Amino acid sequence: MTTRIIAAIAVLVSAYIHLHEWLSGFRHVHVIGPLFVVNIIAGVVIAGLLLTWKSWIAPFLAFGFGASTLGGFALATTSGGLFGDPEKWQGGYIWAAALVE
């Protein structure tokens, strides 16, 4: 159960960071803004599943959540960016998100 609690906290921290970034201006970025909302909602739902549902599917979803979020950011840091919006590995929130994901 301890592993599930740690995973739930990590997923919630990632969701919180995306909420903070969305409120800080990413809501105005085409495509990326709505994807941040999906990330926030999915993070809260997955954290709840980790704490309440004993199936192997919940940790699987948490792993997929972290991998896809980190993978999306890695794509966004390429030369062309993700959907034409390049990003950089700079800032405390960026590194905190990468750590929990």
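This is a predicted model: local features need pLDDT of at least 70, side-chain atom pairs count only at pLDDT 80 or more; totals for chains, interfaces and linings use all residues.
Me: How do you know that the span of α2 is close to the expected one?

Reply: The expected span is 1.5 Å times one less than the number of residues. Helix α2, residues 32-52, has 21 residues. From first C-alpha to last it reaches 30 Å, close to the 30 Å expected.

Me: What makes the buried residues of α2 line one face of the helix?

Reply: Buried means under 20% relative accessible area, exposed over 50%, and partly exposed in between (1.4 Å probe, protein chains only). In α2 the buried residues are Ile32, Gly33, Phe36, Asn39, Ile40, Gly43, Ile46, Ala47 and Leu50. Seen down the axis of α2, they fall within an arc of 145 degrees, so they line one face. The arc is that of the directions from the helix axis to the C-beta atoms. Val38, Ile41 and Thr52 are exposed on the other side of α2.

Me: What covers the buried residues of α2?

Reply: The cover includes α1 (2-23) and α3 (57-76).

Me: Why is Val31 called partly exposed?

Reply: Val31 has a relative accessible area of 25%, and the partly exposed class lies between the buried and exposed cut-offs, so Val31 belongs there. This residue lies in the loop between α1 and α2, and has a positive phi of about 70 degrees although it is not a glycine.

Me: Which residues form the largest nonpolar core?

Reply: A nonpolar core is a set of buried Ala, Val, Leu, Ile, Met, Phe, Trp, Tyr and Cys residues joined through side-chain atoms within 4.5 Å. The largest has eight residues: Ala8, Val11, Ile46, Ala47, Leu50, Ala58, Ala62 and Phe65. Helices α1, α2 and α3 are the elements that give two or more residues to this core.

Me: Which residues does Ala8 touch?

Reply: Not counting residues up to four places away in sequence, Ala8 touches Ala47, Leu50 and Leu51. Contact means heavy atoms within 4.5 Å.

Notes. Residues are numbered from 1 along each chain as its sequence is written. Side-chain values use heavy atoms; hydrogens and water are left out. Helices (H or I, at least four residues) and strands (E, at least two) are DSSP runs, numbered from the N terminus.
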